[in-house]
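Here is a short note for a colleague opening this structure for the first time. Please keep the model in view while going through the points.

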Amino acid sequence: MKQALFSRRNLNFTLWEVHQVQQLSAYPFFEVHDQTTLEMVLDMATSIAEQIQPFYQPADKQEPTCIDQQVTVHEGVHVFFKAVVESGLLAAPFAFEWEGQQLPKSVFAAVDFILGCANNTFVMFSDLIQGCANLILTFGTDTQKQIFVPPLLAGKWAGTMCLTEPQAGSSLAEITTTAFPQPDGTYRIKGQKIFISAGDHDLTENIVHLVLARITDAPQGVKGISLFIVPKNQLDNPTLANDVKTIGLYHKMGQKATPALHLAFGEEDTCTGFLLGKPNEGLMQMFQMMNKARLGVGLGGTQLASAAYYTSLQYAQERRQGRRPNEHLPTLIINHPDVRRMLLEQKVIAEGTLALMLQCYLYLDLAEVSLEKQAHYEALLHLLTPVAKTLGAELGNTAVHQGLQVLGGYGYTSDFPLEQMARDVRIMSIYEGTTGIQAQTLLGRQIGGSQGKILTLWEKEVQQTLANAPQELLIFLEKFKQECAEFKLLTANLLKRSSSQGTEALLSDATLYLHYFGLLNMAWQWLKMGLVAYQALESTTAEDAFYRTKIHSLKFFFKYLFPQGRTWLAILQNEEHLTCKQTEEQLVW
Ligand SMILES: Cc1cc2nc3c(=O)[nH]c(=O)nc-3n(C[C@H](O)[C@H](O)[C@H](O)COP(=O)(O)OP(=O)(O)OC[C@H]3O[C@@H](n4cnc5c(N)ncnc54)[C@H](O)[C@@H]3O)c2cc1C
């Protein structure tokens, strides 16, 4: 890339040395791959990233347009899409029978990371297509698979996920879009969806909308929601519309290259939908796509953290301002401790969240191929998905803002991409479930639902990955173990309290609980990285400088970020519920 926005050395380190993703080749599904072939895929992604990077700012400045119901996207999106389709990357994580390459999802996540560092907005188009194809492969009939999957993976058709409605945002139980059964087994769909990413564009000849709707006379609430495949154009004649209309385009704060649309289904009562999977199980099925999309959003935060870090690092190496003590000439700002602190914080966030994201994607691969331990990996994934999504989103936001600060006044101008990155990253903690909703999933469903037992599984997994820690790591490992013990005690107390004080009290500070558990997971990943780095330094052939920077970053994490857990612990231990609604309203002035 013209301006490096990620470190390939660090990506290789995380994939091959820390998580040892290449060991997936031992499973028949991945046996055609080895580290060499997988690295070639990363090389290809890097060359596409180089092509699309120049479009990052132009595609932000020239928003998509909507004329006569047809949305047109920036030419850069076309360049990206053509490259991803022609390189075979779009279909790469799918099975050979679908023209895929059976690429591990963890390696595809690395591909997405590389592409997203160059342009986090463009990858939404390919991610949505893959999500749609996955869902149809899991729940579709053989006929549906044959009709929809090949054109999706060939890039002829695109995909969307249509959940949100004006009255149904975080609470999808309120969905009112309706599906009317027809004698031929299809459904007439009627309703409106808002904020639909890539809901219309001029990239493909058709778009497959996956729409949540209620079949007439379905039960109330989430148990009455079904999932439908609703093509934009008719299947037997793609030149004819299927009564899906664009009502309007949202003017977003960031991620402007991907249009977000208000769509109307069935305004003329001629919108045909096909039931996907079982009636009334649509939301549960959709969770498959949503959970993968949540990992994608966390990865989006990591991409921007990395892009911001390398942009501000370069700036700090060129900008002279101020003097160091006892020096007469202005120095490069990278020499000031406060600037170094901001750079190190960004580095630690970018590398730590990347490690956690790839850990989750590895569990996703293992859950699919390791039959004997499938339940184990699925449980870990359920626990860690809200954590990884939120860490990527929230810490990504922190990191990008630190990057902007390193640039001083220039960071606040559109002469540099930091202000755009700050706008782009802001959405990550909102869509695919806000941070507040992720926190409730973690504390309410995962921890509360298992009465805390799932933490024992996590703890065992963590212990296993940190076994045989070298002497130098023990001081950090000890701090981590102490904090884990506090966290377990806190969890037990919270669960006890919920039986006396109720669920609202339990969940009132769920977001802080999520931040606390997130920090422990970051610590786990930094310890894993530190362990490998110390071991590498023991061998004479290691590249010392790289591993030494890793250990320096580990120390920085434990000095500057890890102690934040104490603040959250203190608040969570405090039983005064200042945020729960009381009889007398406190939010008045
Ligand atoms: C750019 C963009 C792209 C999007 N793309 C898509 C897409 O492709 N497909 C799609 O279906 N949707 C999409 N969305 C919608 C997105 O998923 C929703 O905006 C999000 O789920 C939040 O819903 P809402 O906006 O209605 O906020 P609300 O649900 O109204 O939430 C507002 C605030 O209240 C809090 N809150 C809500 N309920 C609770 C509760 N029970 N307890 C505690 N706090 C609560 C939330 O955390 C939030 O802080 C997109 C949105 C945007 C902005």
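1. Start with the terms for burial. Buried means under 20% relative accessible area, exposed means over 50%, and partly exposed covers the range in between. Asn-280 has 28% relative accessibility, so Asn-280 counts as partly exposed. Bear in mind throughout that this is a predicted model.

2. Stay with Asn-280 for its backbone. Asn-280 sits in the loop that links strand E10 (272–275) to helix H8 (282–316). Its phi is near 70°, a positive value in a residue other than glycine. Most residues other than glycine have a negative phi.

3. Asn-326 is the next one to check. Asn-326 belongs to the loop between H8 and H9. Phi of Asn-326 is also positive, near 70°, and Asn-326 is not a glycine. How accessible is Asn-326, buried or exposed? Its relative accessibility is 80%, and because the cut-off for exposed is over 50%, Asn-326 counts as exposed.

4. Now the ligand. Which residues are closest to the ligand? They are Met-161, Thr-164, Ser-170, Phe-195 and Thr-434, out of 17 residues that surround it. By class, this shell has 9 nonpolar, 6 polar and 2 charged residues.

5. Look at where the shell comes from. Strand E3 (157–162), strand E5 (187–197) and helix H12 (435–448) each give at least two residues to the shell. E5 provides the largest share, 3 residues.

6. At Met-161, a backbone N or O atom is 2.8 Å from a nitrogen atom of the ligand. At Leu-163, a backbone N or O atom is 2.8 Å from an oxygen atom of the ligand. Ser-170 uses its side chain: a polar atom there lies 2.6 Å from an oxygen atom of the ligand. The ligand has 980 Å² of accessible area on its own, and the protein covers 62% of that.

7. Turn to helix H17 (residues 544–561). H17 has 18 residues. From first C-alpha to last, H17 reaches 25 Å, close to the 26 Å expected at 1.5 Å a residue. Its buried residues include Phe-546, Tyr-547, Lys-550, Ile-551 and Leu-554. Phe-557, Phe-558 and Leu-561 are also among them. An α-helix has 3.6 residues a turn, so residues three or four places apart point the same way.

8. What do the buried residues of H17 pack against? Their partners are helix H1 (8–18), helix H9 (337–369), helix H14 (474–501), helix H16 (510–538) and H18.

9. Ser-126 is in helix H6 (residues 123–139). With a relative accessible area of 2%, Ser-126 is buried. Leaving aside residues up to four places away in sequence, Ser-126 touches Phe-80, Val-84 and Leu-90. Ser-499 lies in helix H14. Ser-499 is exposed, at 64% relative accessibility. A polar atom of the Ser-499 side chain lies 2.6 Å from the backbone oxygen of Lys-496.

10. Finish at Trp-589. Trp-589 is in the segment after helix H18 (564–573). Trp-589 is exposed, because its relative accessible area of 97% is over the 50% cut-off. Trp-589 and Ile-437 are 152 residues apart in sequence. In space, they are 28 Å apart, C-alpha to C-alpha.

Definitions and conventions. Residues numbered from 1 in each chain as written. Heavy atoms only, no water. Near = heavy atom within 4 Å. Polar contact = N/O pair within 3.5 Å; in protein donor to acceptor, adjacent residues only side chain to side chain. Areas by Shrake-Rupley, 256 points an atom, 1.4 Å probe, with all protein chains shown as cover. Helix = DSSP H or I, 4+ residues; strand = E, 2+ residues; numbered from the N terminus. Nonpolar A, V, L, I, M, F, W, Y, C, P; charged D, E, K, R; others polar. Buried < 20%, exposed > 50% of the residue type's maximum accessible area, 1.4 Å probe, protein only. Contact = heavy atoms within 4.5 Å. Expected span 1.5 Å × (residues − 1).
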